[in-house]
Amino acid sequence: MDSDNHIFVGKISDEISKLLNVELPTKLVFKHSEGLRKHVERRHPEAIKYLSVLDEILNNPDFVGVGSDKDNLSLEFVKEFDDNVLMALKLHTNKEFYYIPSVYPITEKKLKNRTFSGRLKRFDKKWE
């Protein structure tokens, strides 16, 4: 891994992998030093303010789920702030770590639809 371009954010907890019933190839999470900020500035400017709390979203999510990209085992972490904020995680091609490709707000309706369908599950700290 090129440590010059990636910054450590944290680790995915065992409780989350148990809740999702998935065996993760790694629990390490990094962000690209410039790529994530540029993406969010271009595509989701309303989410810029959440880039400073990625570790909080990772460590204290309100909802977690497996993303729609089943082949690459992508994950979704949602935290309820003023907005419902989704942080996407994708497994790096070398499978040594997850990276954060995007952070963006999702509507209450999307959050309810994803929990109803089972794609997202409420993460209760009582699991710990």
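Leu-120 in strand E7 is the bridge partner of Gly-65. The model is predicted: local features need pLDDT of at least 70 and side-chain atom pairs count only at pLDDT 80 or more, while totals for chains, interfaces and linings use all residues. Residues are numbered from 1 along each chain as its sequence is written, and side-chain values use heavy atoms, with hydrogens and water left out.

**Sheet**

- E3 and E7 run antiparallel and are joined by three bridges; strands (E, at least two residues) and helices (H or I, at least four) are DSSP runs numbered from the N terminus.
- Seven strands form an open sheet with mixed pairing, in the order E1-E2-E6-E5-E4-E3-E7; two strands pair if DSSP finds at least two bridges between them.
- Strand E1 (6–11) and strand E7 (120–122) are the edge strands, each pairing on one side only.
- From one strand to the next, the twist averages 30 degrees.
- Helix H2 packs on the sheet, where it touches strand E2 (28–32) and E6, and its direction makes about 20 degrees with that of E6. Axes are lines fitted to C-alpha atoms, for helices over the stretch in contact, and angles run from 0 to 180 degrees between N-to-C directions.

**Nonpolar cores**

- The largest nonpolar core has 29 residues, and Ile-12, Phe-77, Leu-89 and Val-103 have the most contacts inside it. Such a core is a set of buried Ala, Val, Leu, Ile, Met, Phe, Trp, Tyr and Cys residues joined through side-chain atoms within 4.5 Å.
- Among the elements that each supply at least two residues of this core are helix H1 (14–20), helix H2 (35–43) and strand E4 (75–80).
- E5 gives the largest share of this core, four residues.
- Apart from this core lies another, of seven residues, including Phe-63 and Leu-111.

**Two buried residues**

- Leu-36 is found in helix H2 and counts as buried because its relative accessibility is 5%; buried means under 20% relative accessible area, exposed over 50%, and partly exposed in between (1.4 Å probe, protein chains only).
- Leu-36 and Ile-100 are 64 residues apart in sequence, with their C-alpha atoms 7.1 Å apart in space.
- Not counting residues up to four places away in sequence, Leu-36 touches residues including Leu-51, Leu-54 and Ile-100; contact means heavy atoms within 4.5 Å.
- Asn-84 lies in strand E5 and is buried, with a relative accessible area of 9%.
- The side chains of Asn-84 and Glu-108 make a polar contact (2.9 Å). This is a pair of N or O atoms within 3.5 Å; within protein, one must be able to donate a hydrogen and the other to accept it, and residues adjacent in sequence count only if both atoms are side-chain atoms.
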